Amino acid sequence: MSLLTILRPATEQDCQAIHNAHLHAVQYACIRSYDETIMHTWESLLDINSYLETISDKNKALWVVEYKGLIQGFFQVDFKEAQLDALYVHPLFHNLGLGTALLSRAEEMARNADLSFLKLYASLNSVPFYRLNRYESLGTAVLQLNKTVRVECELMRKYL
């Protein structure tokens, strides 16, 4: 991570930038693994208000990574569920260590919250990233996006 990179808790003013990074990550990184129906459904579920809800929830954390002064990624962790709910980096800034920095901070926060493990539902395109970071696969999972669309992913876990 370079000196041009800052990790910090998200604020209400960050929600539009978080949404932008989230949407671009889904649109460009996940398209290799999912069909058009899943992609459109997934994109339609991204809601700026969900970030506000996370910021105000004491059982969750939402952090951003700024690179060269702009938010380029984020993570969302649910301490009550011991779950990493989201970790996304804008696709133009992949392979710069931003995702690894976000993941390391999420794991540090989980350890500080006395969690012994962190689990996640990894999109198929992100499985190699999590494996590189020592997450183990617990098997294939299917998440219901809406009444008719389901998405395949991988349930993963790492002992902290």
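Student: Which residues in H1 meet which residues in H2?
Tutor: Leu23, Val26 and Gln27 in H1 meet Met39, Trp42 and Glu43 in H2, where contact means heavy atoms within 4.5 Å. Helices (H or I, at least four residues) and strands (E, at least two) are DSSP runs, numbered from the N terminus. The model is predicted: local features need pLDDT of at least 70, side-chain atom pairs count only at pLDDT 80 or more, and totals for chains, interfaces and linings use all residues. Residues are numbered from 1 along each chain as its sequence is written, and side-chain values use heavy atoms, leaving out hydrogens and water.

Student: At what angle do the axes of H1 and H2 cross?
Tutor: Roughly 175°, and the axes come within 10 Å. Axes are lines fitted to C-alpha atoms, for helices over the stretch in contact, and angles run from 0 to 180 degrees between N-to-C directions.

Student: New topic. What is the strand order in the sheet?
Tutor: E1-E2-E3-E4-E5-E7-E6, in an open sheet of seven strands with mixed pairing. Two strands pair if DSSP finds at least two bridges between them.

Student: Which strands are at the edges?
Tutor: E1 (5-9) and E6 (136-144), each pairing on one side only.

Student: And in what sense do E6 and E7 pair?
Tutor: Antiparallel, over eight bridges. Leu143 stands opposite Val151 in E7.
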